[in-house]
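Please walk me through this protein model. Start with a few single residues, then move to the whole chain and the space inside it.

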Amino acid sequence: MKYNLLIFGVLFVNYSFSQETFKSILSTANNNSTYDQIRSLEISNLDSADIIWYEDFREGLDGNNSSLNPAWTTSGDDGNIWSQDFDGSNGDYAGEIPYLLESESASNGWMIFDADGSNAGLPVSAYTEKKGQLTSPYIDLSNDSNVTLSFEHAYRWCCFSSHELVVSINNGSGWESATSFQVNEIGTVNVLSGTVNFEVIITEIAALQDSVQIRFDWAVGENTASHYYWMIDDVKIIKTQPYASNILNSFNNVPSAYFGGTSYRIMPLEQISATECFYGGYIENVGFNTIDSMRIHAEIPSENFNAQSIGLSLISSDKDSLFVNDGFSPTEIGTYTANIIGKDDNDYVITDTLRRTFSVSDHIYARDNGDNVTNFGRYAINGDGSRQYGNVYDIYSTSTLYSVKVRLDERTTPNAQGTIRLNTVDTQSGEISFLVETEMLNFGDFAGDWFDISFDPPVILDAGQVVLPTVFASYNGVDTVFINTSGNNPNNSESLVQDIDGIQEGVDPGAWLYTTFAPCVRLNFDPNVVGVNVSTNEYSKKISLSVYPNPSKGEFNIQIFTNETVYGQLRITDMMGRKVLSEDINIYGSVNKNISLKNFEKGVYFISLNKINDNKLIKKIIIH
């Protein structure tokens, strides 16, 4: 099955789908916890003699720098959005606690392009794609032969993966020939970057020039976004150091047959003991000399764990990811924090320290960060169509799954219903197959907190298997199931949602899409868990029938699950009861079938699973 890849955004009111002009379907807090990655407080102070030119924006656009005319200018269709800021982003998507830039001179303000603040009060459909540039005064570098541009910034954008935040350098030749740098290349749609220090050597462009300008451009051509912000502070031109390096990001990955490498926030001891965690980092050379034997070092002091990567040669301005050679396998339940740095064998450079934290549990397996936040995001599973939404999990050790643990948002309506589904993922093709489903639950009874949904009988998951537990709900135009989200996934396809009805423009019904936001859907291997009682009757425990997409243009997928051998007939009839199609069945386990009714008239039909000498399961299907 070929995946349609799409990143979901944020929404408080109306929303709509499209792959290139997608206008948000998730609501999430702006302050998603960065619990799993913490930057150390060891900030190296740059010698003031190395600073050639500096702007701290204490005077806003009037400028506070050494240029003859220190004023900054704005341009573009929406250049007037650029302004001095002290209190973070505003507008419909700012959240209850707007993000504040954690820059060196944050106390005297910074500059912000607050795109959604400019659209305050408008419905999503009216949001425009903003464009605006912020341009420095002329900077005299005629006496400087080795120069680096440095600034601190934070950003978040929606809803285009192609959106670029760009810095351009004009050396006096005009903006048409200016060299540009994308500065959000390691970011992800909808994910808050946090405060990031950006450095780039501009010697070949700007050294020994007397009329250099810097331009910050929110949108380049058509690669623009609909809302959120870009905050910038402490813009400096500094003397390029012979040897200097930054660590831009860190990783704690476990091997995966499906992803190659992936990460979890919580892993059961039984699962992590059957694999290893490998730490890594994304390193950049910001000096003008080549760094020989650059390595990533990871240390967990409490466990006497030390590991390093192979040595890598990095030329000036080059970047690369490195992982340590030795993996870490916890032996006890608890929280483990690794210190990750980059340094070379000659002790020319050493980066800041990034800290990666993850937890080992008795029984809980989680991608979400819900244990470390109080402000959850939310997503309406069946707000305008039927969907299922969940996380993908690798099974490293054969285990018995007793329940799925879920957190539904308090906005879930009292009579909203749905089920918990367990799917399997083919590690080679990515094909997703239905495995088992609970009976219908009244989700409104459990909104606002965590709860377990038990499987009866429990499900045995084999080592090497990849599973996808989801929350499923059908659209009825009245009741809505809101699932909570928390934290972000760095890799595609770690969290998936199925657009069963094909509501997303340009997406086929039944297509699986990915989202960077992790839903609060967990595996629970606790044999003593007290889960929600989902019993209804013995027949529906033994056999289930699902149809998707529904409605469709005539192509339907039928999923049948049974834990006993079933003999009977699969039959489709029209509104008058006339037989359209029938097929004798002899099945056990999970069966997927494709039914084509393309040659039949639009309307309502019924599909029934008739078990010999027993009850009948009936589903209504619609051709439109």
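The model is a predicted one. Look for Ser317 in the loop between strand S20 (312-314) and strand S21 (319-323). Its backbone deserves a glance too. Phi of Ser317 is positive, near 75°, and Ser317 is a residue other than glycine.

Asp347 also has a positive phi, about 60°, although Asp347 is not a glycine. Asp347 sits in a loop as well, between strand S22 (334-344) and strand S23 (354-361). Is Asp347 buried or exposed? Asp347 is exposed, because its relative accessible area is 64% and exposed means over 50%.

Now turn to residues in strands. Ile283 belongs to strand S17 (residues 278-285). Ile283 has a relative accessible area of 0%, so it is buried. What does Ile283 touch, leaving out residues up to four places away in sequence? Its contacts are Ser245, Asn246, Ile247, Met294, Ile296, Leu314, Asp318, Lys319, Asp320, Gly342 and Thr351. Take Asp318 from that list. Ile283 and Asp318 are 35 residues apart along the chain, and 8.4 Å separates their C-alpha atoms.

Next comes Asn423, in strand S29 (residues 417-425). Asn423 counts as buried because its relative accessibility is 1%. Its side chain makes a polar contact of 3.3 Å with the side chain of Gln388. Beyond residues up to four places away in sequence, Asn423 touches several others, including Ile432, Phe434, Val466, Leu468 and Trp512.

Phe451 is found in strand S32 (residues 450-461). With a relative accessible area of 8%, Phe451 is buried, because buried means under 20%. Setting aside neighbours within four places in sequence, Phe451 is in contact with Val404, Lys405, Val406, Leu408, Phe443, Phe446 and Val532. The C-alpha atoms of Phe451 and Val530 are separated by 9.2 Å, and these two residues are 79 apart along the chain.

Step back to the whole protein. How many helices and strands does the secondary structure come to? There are three helices and 43 strands. The protein has 624 residues, and 56% of them count as buried. Consider contacts between residues at least 6 apart in sequence: 76% of these join residues at least 24 apart. The protein exposes about 25,800 Å², and carbon and sulfur atoms supply 45% of that area.

Finally, look inside. A search of the whole structure for cavities of 30 Å³ or more finds one. The largest cavity holds about 120 Å³ of space. Which residues line the largest cavity? They are Tyr155, Gln182, Val183, Glu185, Ile186, Val196, Asn197, Phe198, Leu248, Glu284 and Lys319. Strand S11 (residues 196-201) gives the most to this lining, with three residues. By type, the lining residues divide into six nonpolar, two polar and three charged.

Terms used
Residues are numbered from 1 along each chain as its sequence is written. This is a predicted model: local features need pLDDT of at least 70, side-chain atom pairs count only at pLDDT 80 or more; totals for chains, interfaces and linings use all residues. Side-chain values use heavy atoms; hydrogens and water are left out. On a 1 Å grid over the protein atoms alone, a cavity is a set of points where a 1.4 Å probe fits but cannot get out, and a pocket is an open set with protein on both sides within 12 Å along at least five of seven lines; lining residues have an atom within 4 Å of a point. Grid points are joined across faces, edges and corners, and a volume is the space filled by probe spheres set on the points. Helices (H or I, at least four residues) and strands (E, at least two) are DSSP runs, numbered from the N terminus. Ala, Val, Leu, Ile, Met, Phe, Trp, Tyr, Cys and Pro count as nonpolar, Asp, Glu, Lys and Arg as charged, and the others, Gly among them, as polar. Buried means under 20% relative accessible area, exposed over 50%, partly exposed in between (1.4 Å probe, protein chains only). A polar contact is a pair of N or O atoms within 3.5 Å; within protein, one must be able to donate a hydrogen and the other to accept it, and residues adjacent in sequence count only if both atoms are side-chain atoms. Contact means heavy atoms within 4.5 Å. Accessible areas come from the Shrake-Rupley method with a 1.4 Å probe; for residues, only the protein chains shown count as cover.
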